[in-house]
Amino acid sequence: MVEVRYFAAIADAVGKSTESLDLPAEATVADLRHTLSATYGPDLDPMLKVCAFLIGDELTRDATARLTPRVDVLPPFAGG
């Protein structure tokens, strides 16, 4: 199980701030993107392509990065 936490626009798009997903132990960011697209529809794909993923202490967009038990999905933020 992977706890996925969503922030800002991606939380709005999926309609929640967190959920647990049953993903394989060796799952990657690409697997997570595929699962989210299959669950919430292909309209989510453009947003997922620009999101960063906080995995442990590492912020990444690398599709081959392996997931940890908790992953934060972070869309680009603007502000000052």
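This is a short walk through one predicted chain, from its overall fold to a few single residues.

First, the ground rules. The model is predicted, so local features need pLDDT of at least 70 and side-chain atom pairs count only at pLDDT 80 or more, while totals for chains, interfaces and linings use all residues. Residues are numbered from 1 along each chain as its sequence is written, and side-chain values use heavy atoms, with hydrogens and water left out.

Let me start with the fold. The chain has three helices and five strands; helices (H or I, at least four residues) and strands (E, at least two) are DSSP runs, numbered from the N terminus. In sequence order the pattern reads β-α-β-α-α-β-β-β. The radius of gyration is 12 Å, close to the 12 Å from the globule rule for 80 residues, so the chain is as compact as a globular protein of that length. That radius is taken over C-alpha atoms, and the rule is 2.2 Å times the number of residues to the power 0.38. Along the principal axes, the C-alpha trace spans about 35 × 25 × 20 Å.

Now the inside. Of the 80 residues, 39% are buried. Buried means under 20% relative accessible area, exposed means over 50%, and partly exposed lies in between, with a 1.4 Å probe and protein chains only. In soluble globular proteins, nonpolar side chains tend to be buried together. Here the largest nonpolar core has 21 residues; such a core is a set of buried Ala, Val, Leu, Ile, Met, Phe, Trp, Tyr and Cys residues joined through side-chain atoms within 4.5 Å. Which residues have the most contacts inside this core? They are Tyr6, Leu32, Phe53, Leu67 and Val73. The elements giving two or more residues to this core are strand S1 (2-6), helix H1 (8-14), helix H2 (29-40), strand S3 (52-55) and strand S5 (70-74).

Tyr6 is worth a look. Leaving aside neighbours within four places in sequence, Tyr6 is in contact (heavy atoms within 4.5 Å) with residues including Ala11, Val14, Leu21, Leu36, Tyr40 and Val73. For the chain, among contacts with a separation of 6 or more, 48% are between residues 24 or more positions apart.

Thr18 also touches Tyr6, along with Glu3, Val4 and Arg5, not counting residues up to four places away in sequence. Thr18 sits in strand S2 (residues 18-21).

Next, Ala8, in helix H1. Ala8 is not a glycine, yet has a positive phi of about 55°. Its relative accessible area is 39%, so Ala8 is partly exposed.

Two loop residues remain. Gly56 is in the loop between S3 and strand S4 (58-60) and is partly exposed at 44%. Beyond four places in sequence, Gly56 is in contact with Thr68 and Arg70. Gly56 and Pro69 are 13 residues apart in sequence and 8.6 Å apart in space, C-alpha to C-alpha.

Asp62 is in the loop between S4 and S5, and a relative accessible area of 39% makes Asp62 partly exposed.
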